[in-house]
Amino acid sequence: MAEKTFKYVILGGGVSAGYAAREFSKQGVKPGELAVISKEAVAPYERPALSKAYLFPESPARLPGFHTCVGSGGERLLPDWYKEKGIELILSTEIVKVDLARKTLVSGTGETFKFQILIIATGSTVVRLSDFGVKGADAKNIFYLREIDDADKLNDAIKAKKNGKAVIVGGGYIGLELGAALRINNLDVTMVYPEPWCMPRLFTSGIAAFYEGYYANKGVNIIKGTVASGFSSDSNGEVKEVHLKDGRVLETDIVVVGVGGRPLTSLFKGQVEEEKGGIKTDTFFKTSVPDVYAVGDVATFPLKLYNELRRVEHVDHARKSAEQAVKAIKASEEGKTVEVYDYLPYFYSRSFDLSWQFYGDNVGETVLFGDNNPTSPKPKFGTYWIKDGKVIGAFLEAGTPEENQAIAKVAKLQPPVESLDQLAKEGLSFASKI
């Protein structure tokens, strides 16, 4: 088969790919120099929409509405944009073999692509229940959400099983966002997760109590401390029951699983240095292999603020790391350097009428402030994390843009704290005066 050669190749078609392409364009990439290779059939888009507005019963988000880079207030890059810029968008193409030393990629259909410089932006894949040998986990109407195809299939099922029952397996990001989305679609929703509270990697028990109470008031049933151990299906192969480890059996029409993700690094095993489950990079997202960069979910990079190597799975880092890598590539070609990547960890979510943001690190002692009563007409509360006498993390539900900027500033500057009681009393005003 014919071989195609490019100066730059972005491998992956997610958020990072769209932001990297935009940065290459800003840096004056010439027509024909850059290719984006994606196994998806559509141009890069803002993935967070899939668990939020894409599933709304009324005025849902649809492509081309949320192509990158609209998620950060930027230009929407339609397929025509790539054409105009002379960027080759190679879609529906899965790369199955990578030889970094020979600078070669091979697709499932045998096409070969050569590169001078590669940006690995393969992102994550979902962890599947079948990975753990859960019985019946391959039944129809058991869904995972990662790509737009997954969202379309779930949407079809929501319409087909109107007013039916849904079970959400997992109490993390996807579980909470999809629990809300399915409830808004008037399904009878039960969430099941093994931990003592939802979002345990980020939430304290105090934060989680609010969201669990709020969801319960919206009619979402929550079962904690157990897991799905198997599924039964009907003669059509459609899932009908979820068997829990504690012996309970839940009737259902739809199951959505959100039990975590896994960085897609297997194509590069043994060819590049890895650390903490990702591909090890420097502050410019350069890997141990010359001319090979890694960004987004797959990169384990130096987090300057905490002086440690970290891997971050979030859209904000996917965008910013992609831009940093491209700036570094172009600077090195011109014999210049760029500033180090000084990232402030940031997470956010929206569900029902709720919207929270978190900045910094969630370690140390915690102080809860504000009104976290789930039955309040307008609940608004937050939490600070304090370590070594300094505030290093901050969470806020229902913040204004200015208030969210204030908590971000606190997490970045790490101001000292005399008394936790005083901090609890001051609450949000502590952040606002920094």
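**The open sheet and its setting**

Modeller: The protein chain holds nine helices and 26 strands, and since this is a predicted model, what follows describes the prediction. The part you ask about is an open sheet of four strands, arranged in the order E17-E18-E20-E21 with mixed pairing. Its edges are strand E17, residues 274–275, and strand E21, residues 308–311, each of which pairs on one side only. Strands in a sheet are held together by backbone hydrogen bonds, in either a parallel or an antiparallel sense. Within this sheet, strand E18 (residues 278–280) and strand E20 (residues 299–303) run in the parallel sense and are paired over two bridges; Ile279 stands opposite Ala299 in E20.

The C-alpha trace spans about 65 × 60 × 40 Å along its principal axes, and 53% of the 434 residues are buried. Of the contacts with a separation of 6 or more, 62% are between residues 24 or more positions apart. The accessible surface comes to about 19100 Å², with 49% of this area belonging to carbon and sulfur atoms. The chain has 54 positive and 55 negative side chains, and the centres of these two sets lie 1 Å apart.

Arg319 is part of helix H6, residues 315–333, and it counts as buried because its relative accessibility is 10%, under the 20% limit. Although Arg319 and Ser16 are 303 residues apart along the chain, their C-alpha atoms are separated by 5.2 Å. Leaving aside residues up to four places away in sequence, Arg319 touches Val15, Tyr19, Glu46, Gly71 and Ser72. Lys161, in turn, sits in the loop between helix H3 (148–160) and strand E9 (165–169), and with a relative accessible area of 18% it is also under the 20% limit and therefore buried. With the same exclusion of residues up to four places away, the contacts of Lys161 are Asn141, Leu187, Glu238, Lys240, Asp253 and Ile254.

In general, most residues other than glycine have a negative phi, and most peptide bonds are trans. A cis peptide bond joins Leu63 and Pro64, with omega about 10°, and another cis peptide bond, with omega about 15°, joins Thr68 and Cys69. Pro64 is placed in the loop between strand E2 (34–37) and helix H2 (79–84), and Cys69 is likewise found in the loop between E2 and H2.

Positive phi values occur at Asp388, where phi is near 50°, and at Ala398, where phi is near 70°; neither residue is a glycine. Asp388 belongs to the loop between strand E25 (380–387) and strand E26 (390–397), and it is exposed because its relative accessible area of 69% is over the 50% limit. Ala398 lies in the loop between E26 and helix H7 (401–413), and at 31% relative accessibility it counts as partly exposed, since this value falls between the limits of 20% and 50%.

Conventions: Residues are numbered from 1 along each chain as its sequence is written. This is a predicted model: local features need pLDDT of at least 70, side-chain atom pairs count only at pLDDT 80 or more; totals for chains, interfaces and linings use all residues. Side-chain values use heavy atoms; hydrogens and water are left out. Two strands pair if DSSP finds at least two bridges between them. Buried means under 20% relative accessible area, exposed over 50%, partly exposed in between (1.4 Å probe, protein chains only). Contact means heavy atoms within 4.5 Å. Accessible areas come from the Shrake-Rupley method with a 1.4 Å probe; for residues, only the protein chains shown count as cover. Lys and Arg count as positive and Asp and Glu as negative; His and the chain ends are not counted. The place of a charge is taken as NZ of Lys, CZ of Arg, CG of Asp or CD of Glu.
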